[in-house]
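Q: I'd like to learn how to read a helix and its surroundings. Can we go through one together?
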Amino acid sequence: MEQLNQQHGSGSVFRVDKFVVPSETREEIIAKVRMTHELLRQQKGFVQDFLLEQFSGPGEFNLVTIVEWESQAAIDNVVPIVKAAHEHIAFNPQETIARLGVRADIANYHRIPGV
């Protein structure tokens, strides 16, 4: 993995969060995602974001968020800002995910060159 990271240098980093969201908790999760993304859009290094909802196909994840950042450094700078904002309003994402029965798969991705 280290070699892979070196190949990509300091290019864009994509934060991809995939969720399996029960239909009865959809509205609450979407509201929380929108709230967080409003904060993300104001941060240095933010490029663009998407909130996607599955409408067909056999995939298991029915909500996906993608945020493009200028670099890993931009993400590293944003993490404490988001954490502090969530603490300020007493929002704990992990607790909310567990309480609502949501399953999440969260990771950072680089674009593969030449594709």
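Predicted model: local features only at pLDDT ≥ 70, side-chain atom pairs only at ≥ 80, totals over all residues.

Q: What do the buried residues of H2 pack against?
A: They pack against strand S2 (46–53), strand S3 (63–69) and helix H3 (72–88). Helices (H or I, at least four residues) and strands (E, at least two) are DSSP runs, numbered from the N terminus.

Q: Which residues in H2 are buried?
A: Buried means under 20% relative accessible area, exposed over 50%, partly exposed in between (1.4 Å probe, protein chains only). In H2, that covers Ile-29, Ile-30, Val-33, Thr-36, His-37, Leu-39 and Leu-40. An α-helix has 3.6 residues a turn, so residues three or four places apart point the same way.

Q: Is Thr-65 buried or exposed?
A: Thr-65 lies in strand S3, and it counts as buried because its relative accessibility is 3%. Beyond its neighbours within four places in sequence, Thr-65 touches residues including Val-33, His-37 and Phe-50.

Q: Which residues of H2 and H3 meet?
A: Met-35, Thr-36, Leu-39 and Leu-40 in H2 meet Val-78, Ile-81, Val-82, Ala-85 and His-86 in H3.

Methods:
Residues numbered from 1 in each chain as written. Heavy atoms only, no water. Contact = heavy atoms within 4.5 Å.
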